[in-house]
Amino acid sequence: MHTVEKIGGTSMSRFQELMDTILIGKRSEDQLYNRIFVVSAYGGITNQLLEHKKTGEPGVYARFANAESEEAWVEALNKLQVNMQEINSELFDSEFELTSANNFVAERLNDVRDCMKSLHHLCSYGHFQLEEHLMKVREMLASIGEAHSAYNSVLALRKEGINARFVDLTGWHMATPIPFEEMVAKQFDGIEFDKELVIATGYTHCEEGLMTTFDRGYSEMTFSAIATVTGATEAIIHKEYHLSSADPMLVGTDNVVTIGRTNYDVADQLSNLGMEAIHPKAAKGLRRCGVQLRIKNAFQPEDEGTLISQEYRSEIPRVEIIAGRKDVFGIEIFDQEMLGDAGYDIEISTLLRQLKLYVVNKDADANSITYYVAGSRKMVNRATRLIEDTYPEGAVQLHNLAIVSAIGSHMKVKGILARTVTALAEADINVQALHQSIRQVEMQCIVHEDDYDQAIIALHQALIENGNNLHDAA
């Protein structure tokens with residue numbers, strides 16, 4: 001009976017601490033095994049390989065995609081190799097491990113360099129278009145980060161006398177890709193989990209192409225697939241923080257509460273707000289197979305963390321988390337011709353999806369629809385112009401907003417909506433829109449973006465800090 005455990009990139013950059021906590025720590029011989037670790041690239045490496053996730057600063061991939069000459073991306077690739085070897089030097093002080101780690105990086109990057117140069121040359125001919133191959137290049141580059149960290153982890157563990165195994169799911173030099181779950185099953189076939197500590201890459205090369213659908217969220221899909229295919233007893237995600245009742249930087253570390261248990265419904269609501277405990281499609285596989293998910297603080301291993309399961313429901317009505325997002329734009333479309341015509345919603349939703357704008361929520365009345373979207377300001381402005389062109393008789397307004405949500409596995413109780421609105425009113429915050437579904441696992445309050453911080457504080461005080469006795473409101 002084994003667990004599958006995922007370690008993120010920021011945590012991987014604190015590798016020695018991981019060795020002292022979750023990888024080895026105080027474990028004896030038997031306790032070291034029956035664990036599979038799925039690792040991400042070290043912090044910042046995927047940004048250098050692709051592009052910076054937040055700022056958009058181009059990495060090797062972005063430079064290659066827009067390059068007119070090799071120099072634009074070769075320099076970035078060379079710089080990346082230096083940075084990866086510097087990480088190796090920080091991890092290893094013995095010649096054997098350091099040489100092995102550096103050779104691994106050099107071999108992978110030399111392969112990539114040769115491949116990209118050949119592709120660049122090939123696409124200089126009119127019959128071959130670079131755009132047709134870019135997603136394959138993106139996947140190939142992304143895989144290097146996970147392979148680097150996984151290989152190094154195995155070297156470090158073996159140095160400590162642990163029987164560690166490197167499971168390379170990147171499909172390097174693989175002739176033909178195979179289906180995702182088949183790839184995972186093939187690579188794990190025959191492994192004796194009770195005798196080997198397995199370190200697997202967060203990226204999986206497969207027929208479907210994970211990045212086409214999940215882009216940089218592929219590691220959670222790999223994590224979920226390994227847990228379900230190998231029949232894990234529990235899936236664990238190690239983060240740098242606890243899953244808490246709110247952001248401690250806003251409400252104060254003394255006021256937040258670590259969430260002991262919740263369910264996958266709550267995890268989905270967090271994902272919708274961009275605060276993923278796990279990607280919803282990764283969670284779907286775990287739910288289907290009855291695998292419980294645990295969120296733990298990687299650097300406080302003695303804490304049991306948060307257990308997420310399908311069947312959990314709080315015994316008493318309560319709010320478990322106050323969460324939200326600030327990067328929300330409200331695109332409001334008013335048109336008197338809209339009444340009774342569902343085509344408006346279908347056409348506009350399709351447009352927003354094509355522009356890669358994420359619809360967090362939407363509301364409608366007889367003659368207007370408002371979409372609450374997250375994405376770049378550039379794409380939002382473009383969407384606004386296209387909607388105006390499509391519906392010249394309508395009026396389109398753009399609002400800078402924030403969403404603040406109260407979320408819980410059991411909130412079906414009279415008066416909770418009133419308490420929520422009252423708390424915001426007492427904090428002098430105007431609620432611009434309000435959403436509560438029949439399932440009542442979340443209440444979303446739409447406020448001005450400048451009121452976000454104070455709204456989080458006000459709702460946390462009213463619904464969690466002050467006894468959380470929601471049943472008294474019934």
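Reply: For what follows, two elements or residues are in contact when heavy atoms of the one lie within 4.5 Å of heavy atoms of the other. The model is a predicted one, and every value below is computed from it.

The part you ask about is an open sheet of six strands, in the order S10-S11-S9-S12-S14-S13, with antiparallel pairing. Its edges are taken by strand S10 (358–364) and strand S13 (433–436), each of which has a single partner strand, so that one side of each is left without a neighbour in the sheet. From one strand to the next the twist averages 30°.

Helix H14 (residues 343–354) lies across S9, S10 and S11 and runs at about 20° to S11. Helix H12 lies across S9, S10, strand S12 (395–407) and S14, and its direction makes an angle of about 55° with S9. Both helices therefore count S9 and S10 among the strands they lie across, given that contact is judged by heavy atoms within 4.5 Å.

At the N-terminal end, Asn263 caps the helix, with a side-chain oxygen 3.1 Å from the backbone nitrogen of Asp265. Just after H12, the chain reaches Gly274, which takes a positive phi of about 80°.

Strand S14 (residues 442–448), one of the strands that H12 lies across, holds Val447. The relative accessible area of Val447 is 0%, so this residue counts as buried. Beyond its neighbours within four places in sequence, Val447 is in contact with Leu401, Ala402, Val404, Ile429, Asn430, Gln432 and Tyr452. The C-alpha atom of Val447 is separated by 43 Å from that of Glu181, a residue 266 places away along the chain.

Now for the rest of the model. A second open sheet has eight strands in the order S3-S4-S2-S1-S5-S7-S8-S6, and its pairing is mixed. Strand S3 (164–167) and strand S6 (261–263) stand at the edges of that sheet, each with a single partner strand, so one side of each has no neighbour there. Neighbouring strands in it are turned by 25° against each other on average, with direction ignored. Strand S1 (residues 3–7) and strand S2 (residues 35–39) run parallel and are joined by five bridges, with Glu5 standing opposite Phe37 in S2. Strand S6 ends at residue 263, and Asn263 is the residue that caps H12, which gives a link in sequence between this sheet and the helix described above.

Elsewhere, helix H6 (residues 95–122) and helix H7 (residues 134–159) pack at an angle of about 170°, with their axes 10 Å apart, and the two are therefore roughly antiparallel. The residues of this contact divide into 15 nonpolar, three polar and three charged. Among the H7 residues that take part is Ile144, which counts as buried because its relative accessibility is 3%. Apart from neighbours within four places in sequence, Ile144 is in contact with Leu49, Met84, Arg108, Leu109, Val112 and Trp172, and of these Arg108, Leu109 and Val112 are listed among the H6 residues that meet H7.

Definitions and conventions:
Residues numbered from 1 in each chain as written. Predicted model: local features only at pLDDT ≥ 70, side-chain atom pairs only at ≥ 80, totals over all residues. Heavy atoms only, no water. Axes fitted to C-alpha atoms, helices over the stretch in contact; angles between N-to-C directions. Helix = DSSP H or I, 4+ residues; strand = E, 2+ residues; numbered from the N terminus. Parallel < 35°, antiparallel > 145°, perpendicular 65-115°, else oblique. Nonpolar A, V, L, I, M, F, W, Y, C, P; charged D, E, K, R; others polar. Polar contact = N/O pair within 3.5 Å; in protein donor to acceptor, adjacent residues only side chain to side chain. Buried < 20%, exposed > 50% of the residue type's maximum accessible area, 1.4 Å probe, protein only. Pairing = 2+ DSSP bridges.
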